[in-house]
Amino acid sequence: MKKSLVSLILVSAICVGFAAAKTLATVDGTAITEKDFDIIKQRVPNFNFDTLKDDQKKALLDQAINNILIEKQAKKEKVEDSADFKSAVEAFKKQLLVELWAKKQAKEIEKIKIPEADLKKYYDEHKDQFIQQEAHARHILVKTEDEAKKIISELNKTPKAKVEAKFIELANKDSIDPNTKNTQNGGDLGNFQKNRMVPEFSKAAFDLKPGTYTKTPVKTEFGYHIIYLIKKNDPITYTFDQAKQSIEAMLKEKKFQEDMQKKIQALRKNAKINITK
């Protein structure tokens with residue numbers, strides 16, 4: 001936690017001088033208050049300086065002090081007058097304009113009220129998206145189908161009671177999955193939702209019965225998998241009322257993307273664009 005909070009400060013300018021807030025320190029007369037850390041809330045919404053441990057508070061405060069000292073020294077050295085500074089400011093302003101314009105369009109979309117009939121129509125036509133099911137599985141990832149078939153052949157020769165142990169052994173030895181190679185965890189994927197994996201993998205995994213493995217290689221964009229299912233829960237289907245809020249957010253996001261594309265295309269159409277090689 002300490003490292004991540006400090007890194008946020010490193011990449012974010014600290015605003016100073018909020019008189020109403022509690023002063024934590026002063027640097028040559030410049031006050032540092034709890035308000036100065038509000039920028040962290042943009043990335044960590046539940047951030048609360050008061051609830052941090054003493055060492056975390058100290059790390060943030062030390063970094064805030066360092067930032068003020070560096071800022072003052074940079075001004076003394078007239079870094080603001082340098083071409084690099086001016087160029088960086090101009091680049092930042094351009095990017096900020098793009099981001100704020102997009103944010104303005106998003107706010108307009110947020111005001112729209114999508115008719116409940118449209119939400120219900122989406123729910124009825126995409127019910128499979130609202131089925132929650134969780135599984136716990138292992139996998140072995142290899143580059144070629146022949147490698148996968150060879151591993152399956154070895155598993156087929158293994159007594160049923162020893163299949164998972166054999167699977168773990170082969171995963172640690174043969175899998176090219178970086179996580180398996182680095183941790184030697186037997187290809188353990190932990191618990192995952194059905195819609196969190198690529199479709200080919202999900203279908204193969206959830207079609208298995210606990211304690212069994214795929215008898216044919218499962219091809220995905222990553223290579224060829226052999227999957228061993230440890231367990232899976234019974235599927236739960238969310239009702240329309242439970243799913244309504246997420247559907248509305250999804251449809252608004254879709255409309256936002258579509259509207260943005262239309263506006264950008266209109267801007268391009270009315271602009272003189274010359275692309276040179």
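The largest nonpolar core has 14 residues, and I140, V142, I151, L155, F167, Y213 and I226 touch the most other members. A nonpolar core is a set of buried Ala, Val, Leu, Ile, Met, Phe, Trp, Tyr and Cys residues joined through side-chain atoms within 4.5 Å. Buried means under 20% relative accessible area, exposed over 50%, and partly exposed in between (1.4 Å probe, protein chains only). The model is predicted: local features need pLDDT of at least 70, side-chain atom pairs count only at pLDDT 80 or more, and totals for chains, interfaces and linings use all residues. Numbering starts from 1 along each chain as its sequence is written, and side-chain values use heavy atoms, without hydrogens and water.

- A second, separate core has twelve residues, including A25, F37, F47 and L61.
- I226 touches R138, H139, I140, A148, I151, I152, L155, F167 and T214, leaving aside residues up to four places away in sequence; contact means heavy atoms within 4.5 Å.

**Helix 4**
- L119, Y122 and Y123 are the buried residues of helix 4 (residues 116–125).
- They lie on the same side of helix 4 because they cover an arc of only 100° around the axis, taken from the directions from the helix axis to the C-beta atoms.
- These buried residues pack against strand 8 (236–237) and helix 9 (240–269).

**Around V79**
- V79 sits in the loop between helix 2 (54–76) and helix 3 (83–110).
- V79 counts as partly exposed because its relative accessibility is 34%.

Methods
Helix = DSSP H or I, 4+ residues; strand = E, 2+ residues; numbered from the N terminus.
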